[in-house]
Amino acid sequence: MICVPITAITTAGALQEIQQAEEVADILELRIDYLADPDLAKLLAARKKPLIATNRKTDEGGKFPGTEAERLKLLEEAARLGAEYIDLEWSCGQEVIQRFKELTRGGKSRIICSWHNFQETPQDLNQIYSSIKSTGADIIKIVTQATSINDNLRIFDLIAKAQADGQEIIALCMGPCGEISRILTPLLGAYLTFGSLRPGKESAPGQIEARTLRQVYRIGELKETDFRLYGLVGNPVSQSQGIYIHNRAFQHLQLDSLYVNFLVEDLASFMRDFKGYLCGLSVTMPYKQKIMDYLSEVDPIARRIGAVNTIVKRKNKLIGYNTDIIGAVQAIEAVTAIAEKRVVLLGAGGVARAIAYGIARQGGKLTILNRTPSRAQTLARELFCRSGGLEEIQNLEADILINGTSVGMAPQSDEMPVPASVLRPGMVVFDTVYHPATTRLLEEARARGCLTVSGVDMFLRQAAAQFALWTGFEAPVEVMRSALKW
Ligand code: NAP
């Protein structure tokens, strides 16, 4: 279930938020501590969905300004008015929790006993769980701060323990490293997850928009426990489009699969501890080379390129591939054949290496130009082709010009890797930069009668190749394109 916190500061605002939240929420959480003028009778009468009444103390991350007695009085009122759940911090003590249990006996309110740690995810979560369990609360809520992606695993273990005990639990990690817990814990058996009403309305760090939980991650639709997990490993990962396109493709083909972002700082411990959960991965900066140390096999062409951007798990073995090469070749061949064409590739970094191998494999006559000519020369030696500095473009005739440098990428989207004067009518110009989707190079090329290929096409096709490797199905490329958030 998805619970949307109501964080308006006035009763009038909260009434509006309740109405909006009910379109996407299964449960509402009324944050009484945010309200300057809490009219609980009005608010509880207005809601159609079950409601958690929370009046959070300041030392547990809340905003309630009054005394402890005033704080508890409002929660008692909410219980009398029929709130389905009352959230009481474990730090209230057994006596208070007991009083609320008696107060709600025979009524319909259930007690959620909550515990927060805003600094870390401590080692002794089981002990905390046992202490809260001994209060006899209906639902245990444990929320910690993730300082590394692996902290989420301690929360997953806790949920498994609660399930074995037949104990209902809400457990998650806050912060950017804990984002995956907000998506995965309801699928692993947690009672609910929290999602914000809209951006800016988060009641805790790392909270994902409820609509995204529902529409992108399909919370409420995916089968619990029986789903296949994929994701992007990198740092940073927040700009990734993979979550939109892969999840939409899974949904389109009705696959019980899910794709999330793994923000990883320590690759070794991530690969060691998460392996059991994963069916496949996309890999991005800065791990495309380092990841090879953790794989059972690496596809020979990926090994030669020196970069893996896709991992598939087969028979418990992790196998690495490079789909940038397929993505680039397919994007170009959608507009022109490569064989025998004069191809000038600008750049000698990661993406340029994959493209250079792709062009050579398709029989293109390749020249590699780079700001640092020695890097171009190293790559050219591997492929037995010509190389030089970027300025040599002036002396070359090209049928296909490829920008494999990062020049033109936002925010420097006004820049071009070569002057517009080298662009000739009929030339095919492919820019691997995909942010912005139409770069200045592509705009100038179109204006001069060139055929253009965008980095978005390459991105989609490399993702489609990943999808096919993972699932064995042909990827619905146009469905994936429609899911892009650019
Ligand atoms: P990289 O390994 O860091 O390589 C960067 C390349 O750009 C190098 O050749 C570098 O030249 C050159 N360069 C950087 N700044 C330059 C400047 N001011 N003037 C001239 N050349 C410059 O990066 P990468 O991973 O290959 O990524 C390159 C681009 O490809 C990025 O924009 C990325 O977004 C894009 N990309 C697209 C896709 C897709 O699917 N469409 C996939 C991956 C990457 P030096 O060798 O002289 O430093």
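**Entry 1: serine 196**

I started with serine 196, which sits in strand E8, residues 193-196. I note here that the model is a predicted one. Is serine 196 buried or exposed? Its relative accessibility is 0%, so I put serine 196 down as buried; the cut-off for that word is under 20%.

I then looked at what the side chain of serine 196 reaches. I found the backbone oxygen of arginine 198, at 3.5 Å. Next I listed contacts, skipping neighbours within four places in sequence. Serine 196 is in contact with Val4, Lys201, Glu202, Gln207, Ile208, Glu209 and Ala210.

**Entry 2: the cavity**

Rolling a probe the size of a water molecule over the atoms shows where empty space is left. How many cavities of 30 Å³ or more does the structure hold? I found one. The volume of the largest cavity is about 40 Å³.

Which residues line the largest cavity? I wrote down Lys288, Ala307, Asn309, Asn322, Asp324, Gly350, Val351 and Ala354. Sorted by class, the lining has three nonpolar, three polar and two charged residues. Helix H13, residues 350-361, gives the most to this lining, with three residues.

Where does the largest cavity lie? I checked the domains. Domain 2 (230-322 + 462-482) gives residues to the lining, and domain 3 (325-453) does too, so the largest cavity lies between them.

**Entry 3: backbone**

I turned to the backbone. Most residues other than glycine have a negative phi, and most peptide bonds are trans. I looked for exceptions.

I noted a cis peptide bond between methionine 285 and proline 286, with omega about 0°. Proline 286 is in the loop that runs between strand E12 (278-283) and strand E13 (297-298). I also noted a cis bond joining histidine 435 to proline 436, where omega is about 15°. Proline 436 is in the loop between strand E20 (428-431) and helix H15 (440-447).

Then I checked phi. Glutamine 254 is not a glycine, yet its phi is positive, near 55°. I located glutamine 254 in the loop between helix H9 (242-252) and strand E11 (257-263). Glutamine 254 counts as exposed because its relative accessibility is 70%, and the cut-off is over 50%.

Glutamate 340 is not a glycine either, and I read a positive phi of about 70° for it. I placed glutamate 340 in the loop between helix H12 (324-333) and strand E16 (342-346).

Notes: Residues numbered from 1 in each chain as written. Predicted model: local features only at pLDDT ≥ 70, side-chain atom pairs only at ≥ 80, totals over all residues. Heavy atoms only, no water. 1 Å grid on protein atoms, 1.4 Å probe; cavity = no way out; pocket = protein on both sides within 12 Å on 5 of 7 lines; lining within 4 Å. Points joined across faces, edges and corners; volume = space filled by probe spheres on them. Helix = DSSP H or I, 4+ residues; strand = E, 2+ residues; numbered from the N terminus. Nonpolar A, V, L, I, M, F, W, Y, C, P; charged D, E, K, R; others polar. Domains from an automatic or database assignment. Buried < 20%, exposed > 50% of the residue type's maximum accessible area, 1.4 Å probe, protein only. Polar contact = N/O pair within 3.5 Å; in protein donor to acceptor, adjacent residues only side chain to side chain. Contact = heavy atoms within 4.5 Å.
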